[in-house]
Amino acid sequence: MKRQAYTAKDVMSSGPYSHAIDAGEYIYISGQTAKNSLTLEKQDLNIQEQTEECFKNINRILKEVELTEANVVKVNVYLTSMKHFEAMNEVYKTKFTEPYPARTCVAVLELPLKADIEIEVVAKR
């Protein structure tokens with residue numbers, strides 16, 4: 001199988017990786033932080049604003065592969081502190097409808113670009 005990579009407009013990569021890889025039925029979307037956005041003007045964002053920006057980037061990538069949030073089957077959320085959990089969930093719950101995708105949420109020591117949150121998803125065609 002040859003890897004098919006996708007790159008979305010207005011989203012930058014902060015390392016040597018693709019925005020998304022097509023694996024047939026499944027599309028694997030790399031983790032997104034607020035600062036992966038090329039259109040972000042405000043740099044000091046609270047956790048709700050960072051979560052919104054993560055989803056904007058994810059939606060740009062989903063659009064590039066002709067999918068939507070309705071195609072997302074798995075979400076991984078990385079937080080620099082579980083104190084952000086409730087505020088992140090306030091935004092997160094507006095992004096999906098029931099049945100919600102499967103999800104993992106873990107706290108990590110730190111994230112790239114000094115982000116407080118990074119979100120990655122797997123979508124199914």
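## Contacts between helix 1 and helix 2

Contact here means heavy atoms within 4.5 Å. In this predicted model, the residues of helix 1 that meet helix 2 are Ile 47, Gln 48, Thr 51, Glu 52 and Phe 55. Their partners in helix 2 are Ala 87, Met 88, Val 91 and Tyr 92.

## Packing geometry

Two packed helices are described by the angle between their axes and the distance between the axes. The axes of helix 1 and helix 2 come within 9 Å and cross at roughly 40 degrees. Helix 1 is therefore oblique to helix 2. The crossing of helix 1 past helix 2 is right-handed.

## Helix 1: extent and ends

Helix 1 comprises 18 residues, 47-64. From first C-alpha to last it reaches 26 Å, close to the 26 Å expected at 1.5 Å a residue.

Helix 1 is followed by Glu 66, which has a positive phi near 60 degrees.

## Buried residues of helix 1

The buried residues of helix 1 are Ile 47, Gln 50, Thr 51, Glu 53, Cys 54, Phe 55, Asn 57, Ile 58, Ile 61 and Leu 62. Their cover includes helix 2 (85-92) together with strand 2 (20-23), strand 3 (26-32), strand 4 (72-79) and strand 6 (117-124).

## Pro 99

Pro 99 lies in the loop between helix 2 and strand 5 (102-107). Because its relative accessibility is 78%, Pro 99 counts as exposed, the cut-off being over 50%. Pro 99 and Glu 64 are 35 residues apart in sequence, and their C-alpha atoms are 24 Å apart in space.

Technical notes:
Residues numbered from 1 in each chain as written. Predicted model: local features only at pLDDT ≥ 70, side-chain atom pairs only at ≥ 80, totals over all residues. Heavy atoms only, no water. Helix = DSSP H or I, 4+ residues; strand = E, 2+ residues; numbered from the N terminus. Expected span 1.5 Å × (residues − 1). Buried < 20%, exposed > 50% of the residue type's maximum accessible area, 1.4 Å probe, protein only. Axes fitted to C-alpha atoms, helices over the stretch in contact; angles between N-to-C directions. Parallel < 35°, antiparallel > 145°, perpendicular 65-115°, else oblique. Left-handed = near helix turned anticlockwise from the far one by under 90°.
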